[in-house]
Amino acid sequence: MKSDSGEQTCGILVTDPVDQALVSGLENKGYRVDYKPEISSGELMKILHDYCAVVVRSRTKLTSNLLHTGKGLKLIARAGIGTDNIDMNAAKELGIRVITAAGSSTQSVAELNLALLIDLARKISYLNRNVRDGRYKKSMGIEIAGKTAGVIGFGRIGFQTAFYLNTLGLKILAYDIKESPELISGVSGQYVPLDTLLEESDFIIVSVTLVDRSEKILGEEQFGKIRKDAILINTSRAEVVDPDALVSALKKGNIAAYGADVLWNEPPDSPVERDLIAMDNVLITPHIGAQTEEAQERVAKMMLENILKSLEELDS
Ligand code: NAD
């Protein structure tokens, strides 16, 4: 909606870091945009009612309480994918539309999966730490070609990761609640039950959406089935793995290594996370899956188009 002076009356609040092209693109269309990428939930609670749209990434938690304070809120734009930081039931109840930038970071996250996997297979980060600390000592690694990779959650990121791994000479197994013959044949792979995937994979990549059914999809029982020499990679959401079962499996030598871009608390602040991070065969990155110039440009472009289109539709 525009005021008499031709300016948009709708204010847009951005609560996490986004590419400046998104902010200037919205401003150029006459919207008032407030960029507060480090806003606390307390502050957000006080000002949300002043905006018709909010742009978030994964840091901002849009709880039911918070959404109920945003009286004029019509649109939540998640600049990325994964809406587990948004209370979707509350948004639905309040008639707030939620849009995402699905697919914008697929390439970046798939490349990170590959990087974590090769790093752990050759112990690159671990050996680099040793060299830096004055311990110049070799350690044996493994090749990835000729091995089996199991992908849990064979969607956009799962497929792209499998595509790279297949190109590098790995056999692909996949587990998903939805099966697509077309997708799996693109990596010469095979859908299998979760237990088979756990028992047969040298590398396991988790790229599943976090929903009730996938929470702790890897718990004590599943860690009992994973091969002792397997390397597990998780760039989806920490909650799909049971942290106690994971740390216990690593301590007992029931899996070889764990690489992840996600934690249960970001930044980490629980004893089990501190235990995990301290292990030599664990590699953690600070949620950088979509943190590439290319992904952020893609997110900004996709978000700009989708926000403008949605606000226009919601106005009419
Ligand atoms: P996607 O929707 O294309 O794929 C997710 C797949 O998980 C789907 O095929 C779906 O059927 C499957 N799935 C859902 N519930 C399942 C269950 N219970 N068991 C088995 N499979 C199940 O999503 P995507 O674009 O590939 O992204 C996957 C996840 O990666 C996102 O949900 C997000 O949490 C995470 N992600 C992380 C980063 C990061 O910065 N680390 C960036 C982007 C996405």
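Predicted model: local features only at pLDDT ≥ 70, side-chain atom pairs only at ≥ 80, totals over all residues.
I started with the ligand and looked up which element gives the most to the shell around it: α7, with 3 residues. Helices here are DSSP runs of H or I with at least four residues, strands are runs of E with at least two, and both are numbered from the N terminus.

Residues are numbered from 1 along each chain as its sequence is written.

I then listed the neighbours of the ligand and found 32 residues around it, the closest being G82, G153, G155, I157 and G289. A residue counts as near if its C-beta atom, placed from the backbone, lies within 6 Å. The elements giving two or more residues to this shell are α5 (106-122) and α7 (156-167).

**Domains.** I checked the domain assignment, whose bounds come from an automatic or database source. It gives domain 1 (11-101 + 294-315) and domain 2 (106-284), and their C-alpha centres lie 31 Å apart. Both domains give residues to the shell around the ligand, so the ligand lies between them.

**Sheet.** Next I traced an open sheet of 7 strands, in the order β8-β7-β6-β9-β10-β11-β12 with parallel pairing; two strands pair if DSSP finds at least two bridges between them. β8 (190-191) and β12 (282-284) stand at the edges with a single partner strand each, so one side of each has no neighbour in the sheet. I also looked at β10 (231-234) and β11 (257-260), which pair in the parallel sense over 4 bridges. There, L232 has Y258 in β11 as its bridge partner.
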